[in-house]
Amino acid sequence: MVIFEDKQESELLTEIAVAYYEYEQTQEEIAQRFGLSRIKVGRLLKKARAEGIVEISVKYHPIFSSRIEQQFVNHFGIKRALIALDHQDEEEQRRQVAALVSNYLSSTLKNGMTVAVGQGRNVAAIASHVGVFPEKQCKFICGIGGTQRVGEIIDADHISRSLARKFSATSETLYAPAYVENSELKRAFTQNRVIKDTLERAAKADIALVGIGDMNENCYMVQLGWFTPQEVTYATLNQGVIGDIAGYGFFDINGNPIDTTMNDRVIGLSIEELRNIPCVIAIASENTKATAILGALRSGVIDIIATSASNARTILSLQQNKI
């Protein structure tokens with residue numbers, strides 16, 4: 001019996017979602033009922049979430065969140081800490097963290113505000129978070145140039161446009177590549193009037209959304225082809241770099257900025273420009289990034305951190321042990 005071919009896919013997704021989430025049937029039971037493999041059922045449940053048929057929001061005890069948040073405020077002088085419960089699946093963890101940021105934006109954005117938008121998987125997850133959001137007469141503007149990743153939409157312009165659609169707002173593109181091969185090319189691009197004007201407007205934003213990266217020879221910036229494994233290894237071993245803000249602002253464990261050979265190859269807001277934005281929201285969901293998040297928090301650039309409970313506990317432990 002194969003029911004999948006006899007139904008509209010959206011109808012099947014709904015039926016499977018109801019069976020799993022409302023009637024608490026196991027994936028094995030659903031597979032037998034619909035004549036599908038268990039793996040297929042898992043994929044369809046994931047698709048139901050992606051298409052908004054199922055919305056999952058993490059609700060954690062207020063005491064849990066407030067205690068951790070207060071410790072972050074006390075230790076790092078930030079405004080907020082948005083902490084999601086842990087999830088074993090990395091993509092689901094990213095969605096849970098993104099949901100907190102998305103909901104925070106929904107309650108915080110006001111007419112006339114400007115939001116500078118970064119790139120990467122964590123920032124992109126905010127734009128893809130499903131929900132109904134109030135119309136805001138505000139602007140989302142790219143804080144970094146364009147980039148491409150096969151199979152993943154991580155480009156700042158795409159994210160900015162998606163956020164603008166979500167809030168019925170407007171979006172402004174930065175007409176430049178994110179990465180260039182040398183500092184001379186960067187200077188040439190940033191002397192262009194259109195590019196310069198966009199970056200100046202982004203630097204005056206009320207809010208910035210950025211990711212935090214960890215540094216290793218297989219880090220995301222290496223995968224994108226921006227930097228070589230050798231450049232990253234030298235920066236970590238010889239210069240003490242442990243992470244980056246927005247993909248190119250490098251720092252050590254104490255949050256001090258580090259001048260590396262990789263500097264001046266990315267067209268986007270500088271660390272100092274981000275520092276001057278009233279509310280910089282940094283998003284990092286991966287459980288490998290606790291040390292990088294700690295350094296970023298110590299830099300004084302971050303106003304709101306969004307991450308997992310596991311990362312939060314590790315960060316507080318490192319801070320208390322004076323790492």
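Arginine 193 is partly exposed, with 46% relative accessible area (buried is under 20%, exposed over 50%, partly exposed in between, using a 1.4 Å probe and protein chains only). This is a predicted model: local features need pLDDT of at least 70, side-chain atom pairs count only at pLDDT 80 or more, and totals for chains, interfaces and linings use all residues. Residues are numbered from 1 along each chain as its sequence is written, and side-chain values use heavy atoms, leaving out hydrogens and water.

**Salt bridges overall**
- The whole structure holds 18 salt bridges (a side-chain nitrogen of Lys or Arg within 4 Å of a carboxyl oxygen of Asp or Glu).
- A network of salt bridges links Glu90, Glu91, Arg94, Glu286 and Lys289.

**Helix 9**
- Arginine 193 and aspartate 197 form a salt bridge, N to O 2.5 Å.
- The two residues are four apart in helix 9 (residues 193-203), about one helical turn (helices are DSSP runs of H or I, at least four residues, numbered from the N terminus).
- Aspartate 197 is partly exposed, at 22% relative accessible area.

**Helix 5**
- Arginine 94 pairs with glutamate 91 in a salt bridge, with the closest N and O atoms 2.7 Å apart.
- Helix 5 (residues 90-108) holds both residues, three apart, or about one helical turn.
- Arginine 94 is buried, at 3% relative accessible area.
- Glutamate 91 is partly exposed, at 32%.

**Lysine 47 and glutamate 51**
- These side chains meet in a salt bridge, N to O 3.9 Å.
- Lysine 47 is partly exposed at 30%, and glutamate 51 is partly exposed at 47%.
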